[in-house]
Every structure is written in structure tokens, then in C-alpha cells.
Amino acid sequence: MFMRGLKRKCFDGEEDIEGTLAGIKAIPSYNLQRQSLLDMSLVKLQLCHMLVEPNLCRSVLIANTVRQIQEEMTQDGTWQMINTQSTGQAPLDRLVSTDILCRSSRDQAEGKHVPGYGTFNKDFESDQAQDSSETLSAASSVQAPRNLQSNVWEMENPQENKGNFQKSLDQIFETLENKSPNSVEDLFSEVDNSYYDLDTMLTGMMSNTKMGHCDSIETFSSPTNTASNSNCKSDLNELDHIVEILVES
Amino acid sequence: ADIISTVEFDYSGDLLATGDKGGRVVIFQREQESKGRPQSRGEYNVYSTFQSHEPEFDYLKSLEIEEKINKIRWLPRQNAAHFLLSTNDKTIKLWKISERDKRAEGYNLKDEDGRLREPFRVTELRVPVLKPMDLMVEAVPRRIFANAHTYHINSISVNSDHATYLSADDLRINLWHLEITNRSFNIVDIKPANMEELTEVITAAEFHPHQCNVLVYSSSKGTIRLCDMRSSALCDQHSKFFEEPEDPSSRSFFSEIISSISDVKFSHSGRYMMTRDYLSIKVWDLNMENRPVETYQVHEYLRSKLCSLYENDCIFDKFECCWSASDSTIMTGSYNNFFRMFDRSPRRDTTLEASREGNKPRAILKPRKVCTAGKRKKDEISVDSLDFNKKILHTAWHPMENFIAVAATNNLYLFQDKTN
């Protein structure tokens with residue numbers, strides 16, 4: 001029944017059910033792959049060569065890519081917002097940002113001399129001090145803000161503009177919105193961050209309606225939830241902070 | 001530390017300089033034709049080796065300054081000595097390379113071993129005599145141009161006036177006089193007042209080969225700006241702006257990164273310029289700003305692999321490009337030690353490999369092919385078998401002959417046209 005509804009809405013009846021299935025599988029794949037790209041980019045920005053000044057061109061290009069993802073997510077991030085938002089969440093977001101900032105300044109106050117990091121740039125030390133361990137674990141620093149809170153993806157821009165997303169996918173989202181949260185979570189529960197699928201997905205996404213790689217949905221193993229997308233906001237706040245540090249150094 | 005980071009022929013083509021990651025410069029000289037060994041013409045042998053830059057430490061920022069030589073540019077010959085500019089991230093040095101094949105003997109004030117003679121032992125004056133000695137090539141730093149760049153220097157270019165040169169870093173371009181080291185003029189500055197607004201950097205810059213008032217610089221957003229130094233002292237306002245409109249159907253998250261220009265080179269004629277971005281080479285007519293006149297795909301088969309290439313950072317590799325002596329052919333490097341040559345008219349392209357395997361000296365290179373579709377033909381390589389650690393970033397073409405130098409990691413390959 002679910003699929004039939006989609007079939008009527010998205011496709012003109014020409015596509016068969018398998019095509020529709022592929023269409024459904026494409027949606028979570030795209031968002032989560034985009035999230036993977038965002039994570040990868042944040043890691044790249046943090047993991048700079050600490051002894052030598054980071055390559056400014058590379059940093060600027062990565063930061064621009066992140067901004068581009070951020071803009072697109074802001075535009076269709078409203079799709080994720082279905083039943084989770086209330087204005088009460090907004091203050092929590094601000095608390096998160098403050099917390100990150102406080103954390104770095106507190107660590108600065110505690111002293112920056114971590115063994116083995118002696119020659120590092122002072123600005124980078126405040127970043128590294130955010131990690132719990134002495135070794136720079138970018139994964140943990142990206143995870144940390146996520147654990148702080150749940151859904152804080154604000155509905156800032158309820159725009160008409162859907163970005164570059166294909167019309168059929170937008171219609172699928174609309175349908176999903178009308179469903180209960182449980183079914184949405186079920187949909188997302190079996191998706192994985194598989195970087196190599198990102199190749200065919202992201203580079204071919206605009207012109208290509210065929211998402212052949214989505215056949216591999218069976219291989220996706222680790223569960224995730226809608227909250228992971230909503231945590232982007234905190235990632236992006238952290239990103240602004242990092243980019244600020246980066247370019248000022 | 002032996003990874004070659006720059007390759008450059010001098011104006012005559014008889015000298016070939018390479019710089020490496022360890023701050024060394026090695027200069028090769030072409031063997032002169034001799035009746036006894038007619039085959040020796042075209043062989044380059046080591047002429048001089050010297051340490052140009054040493055690693056430094058910036059105490060203020062607690063950062064190392066790499067000694068890697070980013071660029072070498074020769075000066076036009078004015079006397080018996082050779083001059084070249086070599087630069088690392090922060091400092092440019094002018095080196096004088098001169099030959100010494102005679103030695104003076106019979107000094108009055110010192111012995112042959114250099115010790116000072118006792119003054120009372122000098123009973124008569126004599127004129128020192130020049131005696132031949134084994135050829136010695138010495139390199140001496142004549143000028144050091146330092147402390148003018150906050151960001152990493154990516155380009156240097158000698159002006160056609162032979163008196164000035166430019167140095168470009170990520171955000172600024174400075175103009176120097178070759179004789180003056182304590183002062184340089186800033187001619188381009190794209191640093192925003194608020195660094196958080198930084199979205200674009202300078203990636204390469206070059207002076208026009210004939211017009212000493214014209215320079216171009218490329219950016220990380222795939223644009224080229226031509227500046228005329230006669231119009232104002234600070235060339236923040238460009239005279240011409242070259243940008244190709246983006247193809248909306250091929251837009252992806254990586255569009256901007258792959259549009260970033262890694263090299264810009266004027267043609268010898270001065271009428272055209274060539275830009276290299278990640279996947280293609282574009283030839284521009286200086287009189288037409290809205291699109292290039294020619295576009296060549298270097299390795300289009302990588303377009304579907306951009307995410308992996310982003311993950312392993314290969315997407316940030318900066319490939320250089322060069323013109324042939326007559327501007328009829330252009331050349332650039334790729335992965336797997338492949339390099340590509342494009343004949344402009346008639347259009348024809350070749351892929352060749354710089355490797356020792358299966359290639360004896362003086363053997364003719366076999367054209368290579370990368371296959372993208374499923375079925376791999378004999379002698380073809382599939383995209384997934386390419387070695388992305390073997391990248392050819394630096395190539396150079398002899399200024400007058402069809403002779404090329406290709407740097408493959410820490411090896412230098414020299415090839416010549418088989419019709420020579």
C-alpha cells in the first residue's frame with residue numbers, strides 16, 4: 001500500500017514496483033551519504049598536519065564543500081523535521097554552541113602543554129584539547145557534539161525552493177511526512193555510511209535517475225536514526241568554530 | 001626527501017633544473033654533440049647540485065617551514081654565469097651558477113695551500129698565473145628575498161623586462177626587483193577583512209611573455225584574472241576576467257574542487273593561455289573571456305571516482321601543464337605514471353607512461369590506454385588498477401625542440417621525439 005501510493009505520486013505509472021523500490025532506497029541513501037561526506041570533510045578540516053601550516057587552498061575548498069552541504073541541508077532539512085520540533089528545542093541549540101566554546105576556552109585555561117604536542121600551533125591545541133584522549137581522535141571529536149543533545153534541527157527556512165533534488169524524491173518525502181515516525185525510523189534503520197557508494201551517488205546524482213548502487217541496501221548493516229541528520233546543526237556550529245580557528249591561524 | 005617538486009628548462013634548453021622536497025636543486029646539462037659519440041647528443045648529465053633551502057622553524061607560530069622547492073625559474077642569460085630563482089613556501093633565492101676551469105697560482109701574500117706567507121719572506125712581487133684546472137661548477141646565493149609572504153608561495157615568474165619578477169602566495173602577489181631584496185611591492189591582495197569570509201585563494205600566477213605590464217592569476221574557483229600594471233598600482237581590479245559558465249547537468253558537491261585551477265601558462269606566442277584543473281586542460285584566447293577556445297579531457301574516467309579521490313586527498317593534487325616549443329602540443333601529467341599529450345591541430349591525444357618496466361633507453365614508448373567499460377582489451381589498464389600514488393605533477397618541454405622532461409615521484413625521465 002505504501003508503494004502504491006508512491007507509485008501514483010512519483011511516477012506516471014510507467015515505472016514498475018522495483019523501480020519505485022529503488023526510488024525509496026535512494027532517499028535515505030542520499031541523505032546519509034551526504035552526511036558521510038559532511039563527516040569526512042569535518043574530519044579533514046580537523047586532521048591537518050600539525051607540524052606544518054595546513055594547506056590553505058585545500059582547507060578553503062573543503063570548507064566551501066561543507067558550506068554547500070549545509071546550504072542544501074538547510075533547504076531540504078525541513079524534510080527531516082516532521083514531528084520532532086518545538087521551539088523549546090531552540091535554546092538547547094544555543095546551549096550546545098556555548099558548551100563547545102566553553103569547553104575549548106576552559107581547556108585553554110587549564111594549560112596547553114600536552115606531551116607530544118609541544119610544537120603545535122596554539123590554536124590547534126585548543127581544538128585537540130576537546131578530545132578526551134591525548135591522541136587526536138577526529139572521530140571522537142565529531143561524535144562528541146552529537147551525544148550532547150537530540151534533535152535540534154531548527155525549522156529556520158521553510159522555503160519553497162527544494163534545492164536541486166529531483167521532483168520525484170521530493171514527492172516521496174512528502175509522503176513520508178504523513179507517515180508515523182515509526183515507519184520513517186524503520187526506513188532509516190538499515191542504512192550505513194558506505195563511502196564508496198558515495199561515488200556513484202553524489203557525482204551522478206543530478207543527471208542520473210538510475211540509482212543502481214542502491215541494490216546494495218542489503219549490505220547496509222549498522223543502524224542509525226533520524227537524529228543523526230538533525231545533529232548536523234551542532235556539527236556545523238563546531239565547523240564554524242573550527243574554520244574560524246583555521247583561517248585565523 | 002628526494003621527491004621531485006619542480007622541473008624547468010632554461011632559455012636555451014641546455015640546462016634542466018629540478019628541485020626536490022629536501023630543498024636540493026640538481027641541474028643537468030646537455031651533452032654537446034661530438035664526432036666520437038654521435039648518440040650522446042641529447043643526453044643530460046648532472047652539472048651541479050646544491051642545497052637551496054633548509055628547513056626552518058617559525059617560532060612565532062610554532063610551525064615548521066618546509067624546505068621543499070616549490071618552483072624554479074631561470075633568468076635570461078646575460079653573461080657567462082647562469083642565474084635561477086628558487087623558492088620554498090616563504091623565501092625566494094637568486095642563485096648564481098658559474099663555472100671555474102682556471103685557477104690562479106703564484107699569489108704574493110699566501111702560499112699554494114692558502115696559508116699566509118710571512119711578510120718578510122716576500123722578497124719580490126710576481127703576477128699570479130692562470131692555470132687550467134678540472135671544471136668546477138659552483139652555486140652561490142646572490143640574493144635572498146625573504147619575509148614578504150604570510151602565506152605559502154605557489155608561483156614565481158620572471159618578467160619580460162628581465163629586471164623584475166613576481167611571487168604569489170595564497171592571497172597576495174608581490175612584485176620584486178631582482179637587485180632589491182629589502183622591499184617588494186604588493187600588487188594583488190585578495191585577503192578579506194574578515195578571514196571567516198575567505199572562500200577563494202590564488203593558485204598560480206604568471207607574467208605575460210612579451211608584455212611586461214600584464215600578468216594573470218588563477219583561483220581555486222576556476223577563474224583567471226588578467227591584470228594590467230599600468231592601470232593602477234594595486235591590481236585588485238582585474239582588466240579581464242576569464243570564467244567558463246558551469247554546466248548545470250554535471251554539478252556535484254565536488255564541482256568547485258575539481259574546477260580549482262592548479263596551473264596557468266601563457267603560450268610562447270603570448271596570444272593564448274592554458275589552465276589545468278583536476279580533470280581537464282583549457283586553452284583560452286586572451287581576447288575572449290567568456291569561455292575557453294579548446295578543452296581537453298585529461299582523465300575523464302576519474303569523474304565517477306571523485307568521492308574516493310576526495311577521501312584519499314588525491315582530488316587536491318596540483319598538476320602542471322606545459323606548451324611545446326611551437327605551441328602546437330600541450331602536455332600534462334596524470335596517475336599511474338601516465339602523462340598525456342594533446343596535439344591541437346589536428347586534434348589528437350596520446351597517453352604515455354614514464355616507467356622503467358619494459359622501457360629500455362631509446363626504446364619507443366608505447367601508447368597506453370585506460371579502459372572504463374567492463375571489457376578490458378589487451379594492454380589496457382582498468383581504472384581500478386591505476387596506482388594513485390604514482391602521479392606525474394611536474395613536466396617540462398624544451399624551449400626549442402621536441403624534448404620533454406617528466407618527473408615521476410623521485411625519478412626524472414627524459415624523452416625525445418623519435419624523428420629527432
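The mean pLDDT of chain A is 50, and 19% of its residues reach 70 or more. Among the elements of this chain, α3(A) has the highest mean pLDDT, 92, whereas helix α4 of chain A, residues 89–109, has the lowest, 36. Where pLDDT is low, the predicted coordinates should not be read in detail.

The nonpolar cores come next. The largest nonpolar core holds 43 residues, of which B:Tyr278, B:Leu302, B:Leu309, B:Tyr310, B:Ile315 and B:Leu386 touch the most other members. At least two residues of this core are supplied by each of α2 (17–46) and α3 (56–76) of chain A, and likewise by each of α1 (255–259) and α2 (306–311) of chain B. The largest share, eight residues, comes from α3(A), which is also the element of chain A with the highest mean pLDDT. Within chain B, and leaving aside neighbours within four places in sequence, B:Leu309 is in contact with B:Tyr278, B:Leu302, B:Cys314, B:Ile315 and B:Phe388. A second, separate core has 14 residues, including B:Cys322, B:Ala354, B:Trp397 and B:Tyr413.

Chain B also contains an open sheet of four strands, which follow the order β11-β12-β13-β14 and pair in an antiparallel way. Because β11 (155–158) and β14 (185–189) of chain B stand at the edges with a single partner strand each, one side of each is left without a neighbour in the sheet. On average, and with direction ignored, neighbouring strands of this sheet are turned by 20° against each other. Strands β12 (residues 164–168) and β13 (residues 172–177) of chain B run antiparallel and are joined by five bridges, and B:Thr164 has B:His177 as its bridge partner in β13(B).

Several loop residues of chain B deserve a careful look, beginning with the backbone. B:His162, in the loop between β11 and β12 of chain B, has a positive phi, near 60°, in a residue other than glycine. B:Thr409, in the loop between β30 (403–408) and β31 (411–416) of chain B, is not a glycine either, and its phi is positive at about 55°.

| Residue | Relative accessible area | Class |
|---|---|---|
| B:His162 | 37% | partly exposed |
| B:Thr409 | 29% | partly exposed |
| B:Ser334 | 2% | buried |

Which residues does B:Ser334 touch, not counting those up to four places away in sequence? This serine, found in the loop between β24 (329–333) and β25 of chain B, touches B:Val298, B:His299, B:Tyr301, B:Phe319, B:Phe339, B:Lys390, B:Lys391 and B:Ile392. With a relative accessible area of 2%, B:Ser334 falls under the 20% cut-off and therefore counts as buried.

Terms used: Residues numbered from 1 in each chain as written. Chains lettered and ligands numbered in written order. Predicted model: local features only at pLDDT ≥ 70, side-chain atom pairs only at ≥ 80, totals over all residues. Heavy atoms only, no water. Core = buried A, V, L, I, M, F, W, Y, C linked by side-chain atoms within 4.5 Å. Buried < 20%, exposed > 50% of the residue type's maximum accessible area, 1.4 Å probe, protein only. Contact = heavy atoms within 4.5 Å. Pairing = 2+ DSSP bridges. Axes fitted to C-alpha atoms, helices over the stretch in contact; angles between N-to-C directions. pLDDT = per-residue confidence, 0-100.
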